[in-house]
Amino acid sequence: MELSWWNLIPTYMDGTAIQLGSFPVRWYGVMYIFAFVTAYLAMWKVNTKEKLGYTKEQFDSLFTWIIAGILIGARLGYVFFYKPGYYLENPLEIIIPLSHDALGYHFSGISGMSYHGGLILGTVFTIIGIKKNKMDLWKTLNLCFLVTPLAYTWGRWGNFVNGELFGEITTSPIGMYFPLAHDSPITNPILHHPSQLYEMCFEGIVLFLILWNLRKIPALKNKIPCLYLMGYGLFRFFIEFFRRPDAHIGRIDLFGMSRGQTLCSLMILTGLSLFIYLLIKERKAKNSTLH
């Protein structure tokens, strides 16, 4: 098979940003910094432009809670959603950057983060931070979920640079050769869907543009969290068909869904339920005003 420059892009990538002695600083970790900075600046821009009235001190404190919730939640989510049995036997590996094999312990970094875990605990910690800083709960949550796709875009780009979380095997020209996917030499390449880029595009950039425009509709402006949950859930659910599931799990959940599809289904139902609840609440408030 003759490969084009597009097919070989992953072979030009190096997951290590810089090397500090024997300690490698991975691009994926750096992307978390980019993500948080992007979210902070975007939220501050909206706060300033729309005169929401929040101070820098409130934002700084809130983001401390947000960052803590996302990092802890993403790690624990991976542990409980994807590899509970392994970490039950190796609990120290949940928090220390070492892994154990036949050769003993060696540095591996903290490997394994779950988007859904980060979303759940991140939301809980965000609510705590909002309350602590005496900010308007729903107005602030709308702001947070509005910019979440922008931050998420960096994470998926980090996955792509690392050459991880690649998709299923494909014969399509859009496929790419990921060195981590197979031991086979590049002279006999096997192409995979660059599902990280699909997610970066649709769950990140496209979803942000959709939310940004929907918030201009008065009836939807205060329902951004609901729209985000449904939008992300739908995009991710369908992209999961192209993304290779974790080898130790596969597609074994209800109706042959991957674990990601199961969690996204719950996201969609949660977003839809919350949307309906808000509509009913608004209608009751309107009727009580009329009476």
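**Notes on the predicted model**

1. Let's start with lysine 56, which is partly exposed at a relative accessible area of 46%. Here buried stands for under 20% relative accessible area, exposed for over 50%, and partly exposed for what lies in between, using a 1.4 Å probe and protein chains only. Its salt-bridge partner is aspartate 60, and the closest N and O atoms of the two are 2.9 Å apart. A salt bridge here needs a side-chain nitrogen of Lys or Arg within 4 Å of a carboxyl oxygen of Asp or Glu. Because they are four residues apart in helix 2, lysine 56 and aspartate 60 sit about one helical turn from each other. Aspartate 60 is also partly exposed, with a relative accessible area of 31%.

2. A word on how to read this note. The model is predicted, so local features need pLDDT of at least 70 and side-chain atom pairs count only at pLDDT 80 or more, while totals for chains, interfaces and linings use all residues. Residues are numbered from 1 along each chain as its sequence is written, and side-chain values use heavy atoms, with hydrogens and water left out. Helices (H or I, at least four residues) and strands (E, at least two) are DSSP runs, numbered from the N terminus.

3. How many salt bridges does the structure hold? The count is eleven. One of them pairs arginine 243 with glutamate 199, at 3.0 Å from N to O. This pair ties together distant parts of the chain, as arginine 243 is in the loop between helix 7 and helix 8 and glutamate 199 is in helix 6, 44 residues apart. Are arginine 243 and glutamate 199 buried or exposed? Both are buried.

4. Glutamate 240 and arginine 236 form another salt bridge, with 2.8 Å between N and O. Both of these residues are buried too. Through shared partners, salt bridges connect Arg156, Glu199, Arg236, Glu240 and Arg243 in one network. As background, side chains of opposite charge can pair when their charged atoms come close.

5. The largest nonpolar core contains 40 residues, and Met43, Phe59, Tyr228 and Tyr232 have the most contacts inside it. Which helices supply at least two residues each? They are helix 1 (27–49), helix 2 (56–81), helix 4 (115–132), helix 5 (137–162), helix 6 (195–214), helix 7 (224–239) and helix 8 (259–290). A nonpolar core is a set of buried Ala, Val, Leu, Ile, Met, Phe, Trp, Tyr and Cys residues joined through side-chain atoms within 4.5 Å.

6. Tyrosine 232 is worth a click in your viewer. Leaving out residues up to four places away in sequence, tyrosine 232 touches Tyr115, His116, Tyr152, Arg156, Glu199, Glu203, Leu207, Cys264 and Met267, where contact means heavy atoms within 4.5 Å.

7. On the surface, Trp27, Ile33, Phe34, Val37, Leu41, Trp154 and Trp157 make up a nonpolar patch with about 620 Å² of accessible area together. Helix 1 and helix 5 are the elements that give two or more residues to the patch, and helix 1 gives the most, with five. Patches are built from residues with over 30% relative accessible area and no salt bridge, joining like charges within 9 Å and nonpolar side chains (Val, Leu, Ile, Met, Phe, Trp, Tyr) within 5 Å. The areas come from the Shrake-Rupley method with a 1.4 Å probe, and for residues only the protein chains shown count as cover.

8. For anyone thinking about cysteines: a search of the whole structure finds zero disulfides, a disulfide being a pair of cysteine sulfur atoms within 2.5 Å. Cysteine 144 is in no disulfide, and the nearest cysteine sulfur, that of cysteine 226, is 14 Å away. Cysteine 144 is buried, at 9% relative accessible area. Cysteine 201 is likewise in no disulfide, with the sulfur of cysteine 264 as the nearest at 16 Å.

9. Finally, some loops. Lysine 51, in the loop between helix 1 and helix 2, has a positive phi near 55° although it is not a glycine, and counts as exposed at 71% relative accessibility. Phenylalanine 255, in the loop between helix 7 and helix 8, also has a positive phi, about 60°, and is exposed at 77%. Asparagine 133 lies in the loop between helix 4 and helix 5 and is buried at 14%.
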